[in-house]
Amino acid sequence: MGCHAPMQQMEARTRAAGNGAVLDQFARDYPRGPHDKPESMCPAFGSLRVGLRMRRVATVLSGSACCVYGLSFVSHFYGARRSVGYVPFNSESLVTGKLFEDIRDAVHDMADPAQYDAIVVTNLCVPTASGVPLRLLPKDINGVRIVGIDVPGFGVPTHAEAKDVLAGAMLNYARQEVEAGPVPAPLAGRTDRPTVALLGEMFPADPMMIGAMLAPMGLAAGPVVPCREWRELYAALDCGAVAAIHPFYAAAVREFQAAGRPVIGSAPVGVEGTHDWLAAIGAAFNVAPERIAAAQNAFVPAVRAALAGAPVKGRITLSGYEGSELLVARLLVESGADLAYVGTACAASKWSAADRDWLEARGVVVKFRASLADDLAAVDGLEPDLAIGTTPVVQHAKQKGIPSLYFTNLISARPLMGPAGAGSLGEVVNAAINGKARMDMMRDFFDGVGTGDTAGIWEGSPNLRPDFRAQHQKKLDKAARAAKAQEMI
């Protein structure tokens, strides 16, 4: 069975191989629906990116060569600047168990404590479906930790949630180390104030801003999970509370809760978000009310002033797959935008409930596990002045002459917290909305060049053959009926 097999067949094969518990845990951590899964790049890109960002951590992939090539390419496209390990296989080595032996030999060869603190081995679709037992790898070799995870595309819905798969596995390993005895302190040292661990990748300035907002309460910002080095995992677990800035990190939350750490949802975005989040953090640490009020008085007016200095006027639709979509939505609403729709590829969770309730109370439609069709329908039906979304949403909007911004590169790669976030978002959004005339000019310029099969400039009429199309469709329908019948057998 290849990686191109239907999802149902891959799941059945995985359970037959004894890996059903992995899929059951994924289903609890990352619930699907209303459709099977959102359209997303290979989920393993998320866990791969987390590993590649960590110092002294090696990454090894086990999967089909085409998948490994694609993942390696996109990781370097996003600036990995380090090698991605690969253990190849064929049908014989897969079914005889030789692949597992090859993986074990590979990590033994790589386990050099002078170079690595840990080696992450990731099973992609086919090894997961075949039951390659990474859990049987040694826990450490020569003092180098070995972390094995399964990240199948048919089990993990999005690449954002795959980040949580590896973050949770590393936190689990680190928590067991802490329980077993003393562990090394972070290279930067330990603060003398109680810390708040921050869950979710964010713009580098945001943790600094959060730290400034916590200071009046006698608190400090702890490490950001996913971490950049292994020792930060210990410091993260040593926190007094966890801020689920991105609310989909179910596996990481489970490890923090096992360590006895309370978890707080939402984030300090906008006026109301900053006020409520500081109050929730203060309550978790039993901070005196006057110190909570001091933190609120120091930053809430500054956020209000920043929003007033960069108001947003216009109707906006927003969609993405990073997990911070609802936070950006709150900021846009408080900036004055007519936000009609928010779609996120991630599932709803208790940590996003406050943001969802806040938005829905203001008339915003919030769609969890949004599909591409949902996002495109919002753009078509609401006709916004600006569409913020994923690449295909941006492309669709531009074809309609609607200004648009790519969420990942232009929105989530900006500060969102505190006064800095309030000011920066309005600037980029207003600049895009004001570019409507330019979009109209581009649409008019390209008008008449055709679309789909007739795209381009033709000397005569394109030679369309609907009879060929109909004949090919019959073949596809016949193959689909045969596959359905095979499933029933």
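**Close-up 1. Surroundings of Glu322 in the predicted model.** Beyond its neighbours within four places in sequence, Glu322 is in contact (heavy atoms within 4.5 Å) with Ala160, Lys163, His246, Phe248, Phe407, Thr408 and Ser412. This is a predicted model: local features need pLDDT of at least 70, side-chain atom pairs count only at pLDDT 80 or more, and totals for chains, interfaces and linings use all residues. Residues are numbered from 1 along each chain as its sequence is written, and side-chain values use heavy atoms, with hydrogens and water left out. Glu322 is found in the loop between strand S10 (315-320) and helix H14 (325-334). Helices (H or I, at least four residues) and strands (E, at least two) are DSSP runs, numbered from the N terminus. Glu322 counts as buried, at 12% relative accessibility. Buried means under 20% relative accessible area, exposed over 50%, partly exposed in between (1.4 Å probe, protein chains only).

**Close-up 2. Aromatic pairs.** The structure holds four aromatic pairs. Rings of Phe, Tyr and Trp (its six-membered ring) pair if their centres lie within 6.5 Å; planes under 30 degrees apart count as stacked, over 60 as edge-to-face and the rest as tilted. Phe77 is exposed, at 61% relative accessibility. Tyr173 and Trp230 pair edge-to-face: 5.6 Å centre to centre, 85° between the planes. Tyr173 lies in helix H8 (residues 159-180) and Trp230 in the loop between strand S7 (220-225) and helix H10 (231-237), so the pair ties together parts 57 residues apart in sequence. Tyr173 and Trp230 are buried.

**Close-up 3. Arginines over rings.** The charged end of Arg362 sits over the ring of Trp358, 3.9 Å from its centre. The criterion: NZ of Lys or CZ of Arg within 6 Å of the ring centre and within 35 degrees of the ring normal. Arg465 places its charged end over the ring of Phe468, 4.1 Å from the ring centre.

**Close-up 4. Cys227 and Cys239.** The whole structure has zero disulfides (cysteine sulfur atoms within 2.5 Å). For Cys227, the closest cysteine sulfur is that of Cys239, 11 Å away and therefore too far for a bond. Cys227 is buried, with a relative accessible area of 4%. Cys239 also counts as buried, at 4% relative accessibility.
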